[in-house]
Amino acid sequence: MGFITDNLLSLILFSPLVGGLLVLLLPGENKNLVRRAALAVSLVPFILTLVAWFGFSAAPEVAGFRFQQEVAWYPAINSSFHLGVDGLSLSMVLLTTLLAPLAILASFSVEEKIKPYMALFLALETGMLGVFLSLDLLLFFVFWELGLVPMYFLIDQWGSKTGERELWGGMKVSARRYASFKFMVYTMAGSLGLLLAIQMLGVVSGTFDMLALFQSWPGLSGSLFGLPIETVKAIAFWAFTIAFAIKVPVWPFHTWLPDAHTEAPTAGSMILAGVLLKLGAYGFLRLVLPLYPAEATQYAPILAILATAAIIFGALSAFGQRDFKRLVAYSSVNHMGFVVLGIAAAAYAAGTESATIALDGAVLQMFNHGISASAMFFLVGVIYERTHTRDLEAWGGLFPLLPVFGGLLIFASMSSLGLPGLNGFVSEFLVVRGAWPIFTWLTALSMVGLFFTGAYILKGIAKTLHGPLNEKWQGHLTDISRREVLVLAPLVVLMLWLGLWPAWLLAVINQAMIGLFG
Amino acid sequence: MIPLSWYLYLAAGLFGLGLYGVLARKNAIAILMGVELMLNAVNINIVAFWRYLTPQNMSGQAFAVMVFAVAAAEVAVGLALVISIYRRRKTVDADEINLMKW
Amino acid sequence: MTTETLIWLVPLPPLLVFFLILLFTRRNNALSHTLGVGAAFLSWLIGMLVFLAAIGVEHLGEHPFTSSVGWLPTGAEVFPVGVLIDPLSAVTLFFVAWTVLMIFIYSIGYHNFGQPKGEHDVPGLPPHGATQHGHAVPSVEPMYARFFAFIALFAFGMYTLVISDNLLTLFVGWEIMGLCSYLLIGFWYAKPSARDAAIKAFITTRVGDVFMLLGIVALYAATGTLNFRQILYNPALLEQLASTPSVIAGLSVAGLIGLLLFIGTVGKSAQWPLHVWLPDAMEGPTPVSAMIHAATMVSAGVYMVLRMFPLLSAGWHHGGELTSTMTMMAFIGAFTALFAATIALTQKDIKRVLAYSTISQLGYMIAALGIGAYVAAAFHLVTHAFFKALLFLGSGSVIHGMEHGVLHTGEHVDAQDMFNMGGLKNKMPITFWTFVIGGFALSGFPLITAGFWSKDEILADAFGNGHLLVFLTLAVAALLTAFYTMRQITLTFLGEPRTKAAAHASESVPSMTAPLVVLAVFAIAAGWVGIPEHFPGLGGLLPSWFHEFVGGTLVEHPEAVAFNIIPLLVSLGVALGGLALGWLVYRKAGQLDPLRKPLGAIYALLENKYYFDEIYDAVFVRPAQRLAEGFSYLFIDRQVIDGFLHRVARGAFSLGSIFRNYFDAPVVNGFGDFTASVTQSFGRMLRKVQTGQVQQYLLFVALLAFGGLFYYLLNALQ
């Protein structure tokens, strides 16, 4: 027991990877064994996270990082294997370890190459957890990159089989190859800057440890290759910003998202939308805002404008879609726009009460969006598996054939829409409240996006469930199965719980934001 | 006494004849005969040197006897090979047995 | 158990029942409606207990029942939410509880509980009737249980809104009702018209809602709280808000917030220009129309502005100049009242007339509030809820009767078209008399109907405070209201049946007619609690309880307007005149509307609702769709951004090709190949040595051996 509590974070971090390797050793013909083993493995970090959560939330106001672990790694450059959590990262870890088992349970319908699929998924989980848990910049980068590779393969090998994209000169590639490639290369392009920035930081300050860096950063002096410290800091700022902006994604760096989300397998989309996008926002909150308050304040208006653009254009593009999955993908752009708006507002007016509220809203929106986007992608996956199409025009009037599915779709859609009483509203309200005194006109403009959110959500429901029954599907569809309801149940419960009584999560986030940005 | 050099001339002459036979004859058996001649020439050389330089040791005689034995064995094997080749290729012309070429 | 705890309990039964029905009892109709009605009854009971407790308190406005709990940890404090029962919410709770309960009971009969299942009935479409013993009879609604679940959620939303002590939970209730109206208007979702009407309702009200959200946020940011008591009962704060300029030139912060909040009401209460959703909302089952358009949702809009009145009127003093928000309210309210009344004149569908009538009456309330007649607006809200609910439920009863006739005769006529009705007074007496009571109340029939008292008060206030334009507009609207109401009554109930179906109509079941009777009692009596003191003759007989009680909600008790005979006479004139005119014009009407020819093109304009739906479609809907798909997605994302990315990719591709073709292949690769070929040619040359001829090998050996030997010997000799 003592071993577990002493090494809690390492166990959380590595259990998926180790489990994944163990899954690889299982006999491949026994599909159910592989699936259940993977599910069991993914539950381990979740349970451990709950242990951490109860320990943490008993006293959320205690400042600083807890459950820290530090092991020497590269003493020569002062980089160590350093893990730790505060309210911000623990919330994200909770989200990740919650969604991973659900995504694996959702993947039970994958029939080919199950072992590599599960192993890659678990490796992906370790990558994502590592980003949230690490307190060392080099370690952060390692895990950041580690998360990319499994995702690439998941999309490329198990993504949607049909569809093509045309490039130039009449050259066509399969949609999933296009999407996985675009995702990987685009994100890596950003990561280049990240690596550069991290290295510069490490060399100039002599350490890669985040805690030490936070302390020593304001007083740093010296130069690098003849560049003065200010220039080094500025270059690092922009490098960080671009890397994280691509990941969130901030408009106009968002076009990889619809392709990746649409072509990925259902569980891949769930995790992509649920967790991977949050890595970027987390990066902003963990690294950019604390290290660069002045530059953040200076460039916050631009970020706020881009956030508003994401909210509006994300909603508009979602409304104009025929492909249901792509519609949900654009809704992610729309929702993450609110996160960025909150962050931008907080950066601009750091230290004020509105800033804290905006940050609360942004982080809560990260969590809430993870829940609702996951649910929506899964629901689209359910109907795709039955009808083998994602075209909204191909359905129509399916509610009597799929009553339980329909009910769950409406519920999840309402959460995505931000209906008060469900989780989405609380975070959006807090972001709007926080951003209004700071960026009044942009907040007002973002209401256009909020309006169109209603439009596209209702469009999705209307074309799928309502209207005259499309006779083509009569007798060919089965309602949602028990396993599928089991995937959705925790998400639905959380939507309602967080909508009616969000204090358990919001208190932790609030204290973390006060502690970080006071 | 006959000078040693006369024996050496004899051996050289025989050796030369044998070498010519080996290098210039077409028939494989003739080549083998040439090899025999060369071996005998060598033998004469050995015996001559023995008789004239160290007559008290046995080594010269012993060596000559060894050369006889080796020569006999070698001829036996050689002839066997030639017969085998003849059976296969119906020829004993050395020029025609050139499979191991470039 | 304290009253405060009871208040918290009011919205809970319907919420629980919503989940219970959807999760567990959806296949059992009897159990579901028992749970539904039981929940409505429980909420009604608790509501009445609270109401009785409330009216017993002296000066409730100064010490209302409140209770709150911390909800959202934000920053250093925790945002609290809670309950508040002051005079305004008490009377609202009263009428909501009664009307909701009546609607729940009515729904049992409306959805044909106990009837057999129709052979061709499918979930998603209205029931078509079943065959029993060779006769066509009405069939039970396939989605019966789901209906009760949804109206239960609706009730929860409204109760939450009414008992809230802050704008945030009010907004929560507001939006939940928006969701329920979407679900219920689109109850028969397989009908394209219903599906589209549901979306239209949601989207149109969402326009209002997003503005309202901004207003709420602005208020929160400006004052640090959303609690009604803390904001609205703090004259210093209101003064400050009214004098601070906002980001919009010419508007104070209070004005801006008021305007934003008011736009929410414009959407929710279907005022012009966001009125277009309400008539289409008639697609939903009639109890839904009653619920949405009388008892709950649209009333919520008016309730909210009543509640926020101190903020909207911040800076206004009785008799002085109206604030900008109030002016806007007066204008939009009065305009809508007249606008909707004109359209109602030409509608054929019995429910649509009532829909436009609702819009018009809401306009009355808003206009009243706009000119500062707080109590009058509240009064009209309460009386309107009763008689409008009565009228809607009555129309549902009529439609049911007509459908019975349709099934009986097999005639395929629209059971909702008034020009197919006639003579129903004999076939459906209870419905007839209650409908007449409701219709007269709506028209403002003097003295014995509630509508008279409330409407008269509004007119009196408008006239008495010098807002003559508003007075005139509302008076004309009242005339039209009485006219079209009598038109409706005459066409539906009087004269001879116009179709065979009408001739074979029958009265509805008791579960439908009993609520009508109950509501009719209120439609008559509810006005008597608010007889103004200065009224000739009757004033002073009964205490003007309503004014005293509800007026106490505000910090400063509003003064009753001095009595003036002119508005009273006008009110009497338009009511009686309109009713008489309506009867005269329509008593002999056949299948064709007698007004159609005389009004000509104007009739067509009114019948088509001034073409607003078409205008909105062309100006907003289609461009939005083009903007969404064509511009945002296909152009910006695909062409511009992805095009740029593809160009970068192509550039990288070309660069790679250049490196490959011009450097890698010739130079690096070429060098390797060259080395190899040189070695190869040497090899080709050298291998010729191997001839396979033994003698040649021996010759080489001999030469080398002798050559070496001679070389060595020669060197040794030197």
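# A tour of three chains and two interfaces

Select chains B and C. Together they bury about 1,100 Å². Carbon and sulfur atoms give 59% of that area. This is a predicted model, and each value on the tour is computed from it.

**Stop 1: the B side of the B–C interface**

Now pick out L23(B), D95(B) and W102(B). These three supply 52% of the area that chain B buries against chain C, more than any other three residues. Chain B brings 14 residues and chain C brings 12 residues.

Next, look for charge pairing. The count of salt bridges between chain B and chain C is 0. Polar contacts are present: 3 residue pairs, with both partners at pLDDT 80 or more. Colour helix 1 of chain B, residues 4-24. Helix 1 gives the largest share of the side of chain B that touches chain C, with 5 residues. By residue class, that side of chain B divides into 10 nonpolar, 1 polar and 3 charged.

**Stop 2: from B to A**

Hide chain C for a moment. What is left between chain A and chain B? No contact joins them, and their closest C-alpha atoms lie 50 Å apart. Bring chain C back. There are 2 pairs of chains in contact, and chains A and C share the most contacts.

**Stop 3: the A–C interface**

Select chains A and C. The buried area here is about 5,600 Å², and carbon and sulfur atoms give 75% of it. Highlight W168(A), F429(A) and W436(A). They supply 13% of the area that chain A buries against chain C, more than any other three residues. The contact takes 69 residues from chain A and 61 residues from chain C.

How many salt bridges cross the interface of chain A and chain C? The rule finds 2. Zoom to R165(A) and D642(C). Their side chains meet in a salt bridge, at 3.1 Å from N to O. Across the whole interface of chain A and chain C, 13 residue pairs are in polar contact, both residues at pLDDT 80 or more.

Which helix gives the most to the side of chain A that touches chain C? Colour helix 18 of chain A, residues 440-465: it contributes 15 residues. The residue classes on that side of chain A come to 46 nonpolar, 15 polar and 8 charged.

**Stop 4: chain A on its own**

Draw a box along the principal axes: the C-alpha atoms of chain A fill roughly 75 × 55 × 55 Å.

Colour by burial next. Buried residues make up 67% of the 518 residues in chain A. Among contacts in chain A with a separation of 6 or more, 81% join residues 24 or more positions apart.

**Stop 5: one serine in chain C**

Finish at S107(C). This serine lies in helix 4 of chain C, residues 87-110. Is S107(C) buried or exposed? S107(C) is buried, with a relative accessible area of 0%.

Show the side chain of S107(C). One of its polar atoms lies 2.7 Å from the backbone oxygen of I103(C). Now display the surroundings. Leaving aside neighbours within four places in sequence, S107(C) is in contact with Y144(C), F147(C), F148(C), I151(C) and P287(C).

Technical notes:
Residues numbered from 1 in each chain as written. Chains lettered and ligands numbered in written order. Predicted model: local features only at pLDDT ≥ 70, side-chain atom pairs only at ≥ 80, totals over all residues. Heavy atoms only, no water. Contact = heavy atoms within 4.5 Å. Buried area = accessible area lost by both parts, 1.4 Å probe. Salt bridge = Lys/Arg side-chain N within 4 Å of Asp/Glu carboxyl O. Polar contact = N/O pair within 3.5 Å; in protein donor to acceptor, adjacent residues only side chain to side chain. Helix = DSSP H or I, 4+ residues; strand = E, 2+ residues; numbered from the N terminus. Nonpolar A, V, L, I, M, F, W, Y, C, P; charged D, E, K, R; others polar. Buried < 20%, exposed > 50% of the residue type's maximum accessible area, 1.4 Å probe, protein only.
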